[in-house]
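Let's take a look at the salt bridges in this one. Have the structure open while you read.

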Amino acid sequence: MSENTEYSFFGDVCKSFDKAAKFTKWDKGILEQIKACNAVFRMRFPVKMDDGRIEVIEAYRVQHSHHKAPCKGGIRFAAEVNQDEVMALASLMTYKCAIVNVPFGGAKGGIKINPRKYSAYELEKITRRYTSELVKKNFIGPGTDVPAPDYGTGEREMAWIVDTYTTLKPGEIDGLGCVTGKPITQGGVRGRREATGMGVFFGVREVCSNDDVMKNLGLTTGILGKKVIVQGLGNVGYHSGIYFQDAGAKIVGIAEYEGAIYNPEGMDVDEVFQHRKSTGSILNFPGAQNIEKSTAALEMECDILIPAALENVINEENANRIKAKIIGEAANGPITPEADEILNAKGTLVIPDMFLNAGGVTVSYFEWLKNLSHVRYGRLEKRFTENLNSHILSQMEVLSGKQVSPSEREFIMHGPDEISLVHSGLEETMISATREVMETWKSHHNIPDMRTAAYVVAINKVATSYAELGIFP
Ligand code: NAD
């Protein structure tokens, strides 16, 4: 529970869990074990600030589930961090990892600070001290618990964490795998930055390729020509928009905090991004209509809406006015439970955040594997495959007496490098996860929506794992 309010985010997650658990056959005790947070580490430590003051920092690391090792989940720097929130986010990580078959338990960390109020040096000291506290209690390590970025943290903080960890654990051969989301020079993997937006695209595309689902929504199959509105032109929103556009969708609306723009003929996401970079705002983009009230863009005419900014943006107040037939939850929690009910009742298809934005953790898993194997993806096979492809192609050309075009030649010859392997691993993961959730939804007539179906998939996987593990007497 949060200290100052009755509302419990963790309580909400448990409610959704209970709603879905009714569609499973697991023993009550196993369900209770899955729901519970296994370990909560609440810490306070002193840090000397630039002006000589000593500040006591409040921080958390919650390991929700140990059904797989290690645990995995981001670290958030935000003034609102509290134990209830970290517990909720840790439990969502367990379910998210289970759905996309990433073999980790869920975890989450949080430091209760507004990072904008601290200098880079102060943030470094806070991050390094937090890491030392985690090391002291065995709450971090490539085989125990592997953090990643979240709100307010990024590659820089992950580099501080891995440096502190490897300094305190000299000679630990897999030490680089203690955290993911690192810069490439510090053991990061190519493809992490665009992973979540790309995963959102793959998930939505998979739904749109299902004839029955699209027919029910009154839409044609496929992404081509679909009208898309994106809220948030940050990491996730920008990359989602780019992939939709490349697949032939029309980006008709883009919303940012300063306002929104709309053009029924479509807009180029990169041009909007550059326009915002040079003018400081997305408004006044050539050919587009300005919308002063940013949230009004969510209610404009489109087929697919991608909220990729904040939580609770679609709520009881505006849910009825949403025109999109499909909402792809790129952000975490953009739809309130009340809005969810309204949208379900009017037949809007909500593709839930729980797996749709799992691209980040999926590629984090690839980064961890890279760290454990101590070799860049593709390093061993790239040239071998290119030589083989070249040989096969020249033999075919000799035998057929015809030659392929230069662009086809380039495509066929291309051996696997890190970025291609990461992208294709992500595509495979998102397609399989989306199909599994959709099949579960369709095979139980009473499951009301895709979110509940996603929970059912997660519960079944975690419960199977517990059942197969056996539980210690
Ligand atoms: P980001 O900070 O890069 O982008 C967020 C964007 O939203 C910014 O451009 C910001 O200006 C814009 N924004 C802020 N307030 C707004 C408002 N009121 N209306 C419209 N736009 C507004 O963050 P991000 O990494 O893209 O994350 C976005 C969401 O996706 C968050 O909910 C996050 O939890 C979720 N998510 C991110 C990842 C990831 O890998 N980055 C993974 C899973 C989930």
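## Ground rules

A salt bridge here is a side-chain nitrogen of Lys or Arg within 4 Å of a carboxyl oxygen of Asp or Glu. By that rule, the count comes to 33 salt bridges.

The model is predicted, so local features need pLDDT of at least 70 and side-chain atom pairs count only at pLDDT 80 or more, while totals for chains, interfaces and linings use all residues. Residues are numbered from 1 along each chain as its sequence is written, and side-chain values use heavy atoms, with hydrogens and water left out.

## E427 and R205

E427 pairs up with R205, with 2.7 Å between the closest N and O atoms. That links distant parts of the chain, 222 residues apart: E427 sits in helix α15 (residues 418-443) and R205 in helix α6 (residues 195-208). Helices (H or I, at least four residues) and strands (E, at least two) are DSSP runs, numbered from the N terminus.

On accessibility, buried means under 20% relative accessible area, exposed over 50%, and partly exposed in between (1.4 Å probe, protein chains only). E427 is partly exposed at 26%, and R205 is partly exposed at 25%.

## K370 and E418

Helix α15 also holds E418, which meets K370 of helix α12 (residues 359-373), so parts 48 residues apart in sequence get tied together. The N to O distance is 3.1 Å. K370 is buried at 10%, and E418 is buried at 2%.

## D150 and R76

D150 and R76 form a salt bridge at 2.6 Å, N to O. D150 lies in the loop between β5 (145-149) and α5 (155-168) and R76 in strand β3 (residues 71-77), so the pair ties together parts 74 residues apart in sequence. D150 is buried at 18%, as is R76 at 8%.
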